[in-house]
Amino acid sequence: MADLPSFSTKEFYWLASCFCGIITCKLVYDLTGFISPFCFKGYGKLSDKEKMERNNRGFSTFHALIAAWASLYLLLFSDLFDEDSSNDLIVNRSSIISNMFLGFSIGYFLSDLAMVFWHFPALGGLEYVLHHGLSMFSISLSLMSSQGQIYILMVLFSESTTPFVNIRWYLDVAGRKSSTIYIYNGIALFFG
């Protein structure tokens with residue numbers, strides 16, 4: 001009988017967190033589709049394509065909130081990158097939590113990329129494919145080398161603007177481009 005490849009605990013956590021990210025995206029996508037008719041009057045009037053995009057933006061927003069929170073915590077509040085916590089260079093530091101979070105993000109990017117390909121070009125064109133591909137590539141390199149996570153987390157913190165982008169789309173589809181909330185959301189997006 002052939003020997004199965006052995007995985008280290010670190011690789012197991014990567015795979016488990018990636019799988020968790022994929023499952024979470026599916027659950028949030030379905031939950032968004034389930035609760036939207038109860039929370040938003042105009043949901044029933046949306047086309048199937050718009051409903052699908054709204055649900056997709058639901059898990060995009062969910063990941064963005066998780067990414068912003070986790071990045072902020074790991075960068076500022078944990079001792080992972082504190083200069084007195086380790087003799088390693090800051091660029092060579094990682095932890096189980098940071099590795100699992102990055103694995104979760106790869107799961108999100110895989111899920112979103114699968115949706116983009118499945119509904120191409122309705123959810124985005126080649127720029128989305130490039131964005132997701134480069135994101136997964138850089139996160140994977142950081143995970144495999146255990147280097148540069150501080151930079152990856154800084155970039156993932158920029159996901160904090162994604163909810164504002166998605167709210168802008170929601171308001172546009174709802175015909176509320178001239179509303180005050182649309183303008184305030186644009187200002188918040190600008191400062192983000």
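Helices, in the sense used in these legends, are DSSP runs of H or I that span at least four residues, and they are numbered from the N terminus. The model shown is a predicted one.

**View 1. The annotated transmembrane spans.** In an unreviewed entry, UniProt places the feature "transmembrane region" at residues 12-38, 59-76 and 96-118. Residues 96-118 are 100% helix and 0% strand, and the C-alpha atoms at the ends of this span lie 33 Å apart. Residues 59-76 are likewise 100% helix and 0% strand, with 25 Å between the end C-alpha atoms.

**View 2. The annotated TLC domain.** The UniProt record, an unreviewed entry, lists residues 49-192 as "domain: TLC". In the predicted model this span is 73% helix and 0% strand, and its end C-alpha atoms are 29 Å apart.

View 3. Glu53 belongs to helix 2, which covers residues 48-77. Because its relative accessible area is 12%, Glu53 counts as buried, the cut-off for that term being under 20%. Leaving aside residues up to four places away in sequence, Glu53 touches Ala122, Leu123 and Trp169.

**View 4. A nonpolar patch on the surface.** The patch is formed by Trp69, Leu72, Tyr73, Leu76, Phe77 and Phe157, which together have about 670 Å² of accessible area. Helix 2 gives the most to this patch, contributing 5 residues. Trp69, which is found in helix 2, counts as exposed because its relative accessibility is 61%, where the term requires over 50%.

Technical notes. Residues numbered from 1 in each chain as written. Predicted model: local features only at pLDDT ≥ 70, side-chain atom pairs only at ≥ 80, totals over all residues. Heavy atoms only, no water. UniProt positions renumbered as here; feature names shortened; annotations may be inferred. Helix = DSSP H or I, 4+ residues; strand = E, 2+ residues; numbered from the N terminus. Buried < 20%, exposed > 50% of the residue type's maximum accessible area, 1.4 Å probe, protein only. Contact = heavy atoms within 4.5 Å. Patch = residues over 30% accessible without salt bridge, like charges linked within 9 Å, V, L, I, M, F, W, Y side chains within 5 Å. Areas by Shrake-Rupley, 256 points an atom, 1.4 Å probe, with all protein chains shown as cover. Salt bridge = Lys/Arg side-chain N within 4 Å of Asp/Glu carboxyl O.
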